[in-house]
Amino acid sequence: MRSPDNNRIPIQIDQSTPEIKPTTRHQTAREKGSLTTRVSQLICAVFSALFFLIGLTTFILWLSLRPHRPRFHLHEFSIPALAQQGGFENARIIYNATARNSDQNIGIHYDSMELTVYYEDQSVGGSPLLFPFYQKPKNTTLIAGQLGGAALKVTDERWQRFMADLGRGEVGFRFEITSTIRFRISSWDSKRHKVHANCPVGVGPDGLMLPNYKDTRCPVYFS
């Protein structure tokens, strides 16, 4: 009969101390490089955000301080003599328009303003308008008056052409306001700009502006 010790499986226990590998210079340099990269990325992110905020603020200021063109509207335009039998000798043009400064913080200096009325791209009259004036922000200026006498250049031949157009229902004119302006931002004045406002307008057999032209906004351009 076998002894109980003969049935045991021998187990070998390794009592040696595990080897601890020392940190190499390469690993230390890699860790330092990784830390430097993270710091550099953080700095770049901060500066990128700062530049974005500066750019956004500059853009908003530019939008708020960027001058807008003045807005011109033609409200009335009539030639009463077209509905009368007296002819062109006592003819006159009656007009009513407005110039609007829509800017919130920018004023406009009007150094000069002139009116010219065209028929088939030929001048039939004109005159200076208003004295030099300053228009405050968010302000509207009335431009109203009459053209007649020496300011109105209408011959008998041209008047007959007016009457022929009336027979077809409408006489077409172009009402043009030309201005020299300077924008005023705080205490700074811009350079001078030449502004043209062109308003197409039609007159009916009664000598009055046709309804579809009333209160129209005039196209504006600089030259």
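Modeller: D111 counts as partly exposed, because its relative accessibility is 23%. In this predicted model, the side chain of D111 meets that of R182 in a salt bridge, with an N to O distance of 3.0 Å. The two residues belong to distant parts of the chain: D111 lies in strand β3 (residues 106-119) and R182 in strand β7, 71 residues apart. R182 is buried, since its relative accessible area is 15%, and the cut-off for buried is under 20%.

With 27% relative accessibility, D189 counts as partly exposed. Through shared partners, salt bridges join D111, R182, D189, R184 and R192 into one network. The count for the structure comes to eight salt bridges.

Another of these pairs is formed by R161 and E120, whose side chains meet at 2.1 Å, N to O. This pair too links distant parts of the chain, with R161 in helix α2 (residues 156-167) and E120 in the loop between β3 and β4 (122-128), 41 residues apart. Both residues are partly exposed: R161 has a relative accessible area of 31%, and E120 has one of 49%.

Strand β7, which spans residues 171-185, also holds E176. E176 counts as buried, because its relative accessibility is 7%. Its side chain makes a polar contact of 3.4 Å with the side chain of H196. Leaving aside residues up to four places away in sequence, E176 touches E114, L115, T116 and Y118, and also H196, A197, N198 and Y221.

The structure holds one disulfide, which joins C199 to C218 with an S to S distance of 1.8 Å. This pair links distant parts of the chain, C199 being in strand β9 (residues 193-203) and C218 in strand β10 (residues 216-218), 19 residues apart. The torsion about the S-S bond of C199 and C218 is about 100 degrees, and the disulfide is therefore right-handed. C199 counts as buried at 2% relative accessibility, and C218 counts as buried at 4%.

Terms used
Residues are numbered from 1 along each chain as its sequence is written. This is a predicted model: local features need pLDDT of at least 70, side-chain atom pairs count only at pLDDT 80 or more; totals for chains, interfaces and linings use all residues. Side-chain values use heavy atoms; hydrogens and water are left out. Helices (H or I, at least four residues) and strands (E, at least two) are DSSP runs, numbered from the N terminus. Buried means under 20% relative accessible area, exposed over 50%, partly exposed in between (1.4 Å probe, protein chains only). A polar contact is a pair of N or O atoms within 3.5 Å; within protein, one must be able to donate a hydrogen and the other to accept it, and residues adjacent in sequence count only if both atoms are side-chain atoms. Contact means heavy atoms within 4.5 Å. A disulfide is a pair of cysteine sulfur atoms within 2.5 Å. A salt bridge is a side-chain nitrogen of Lys or Arg within 4 Å of a carboxyl oxygen of Asp or Glu.
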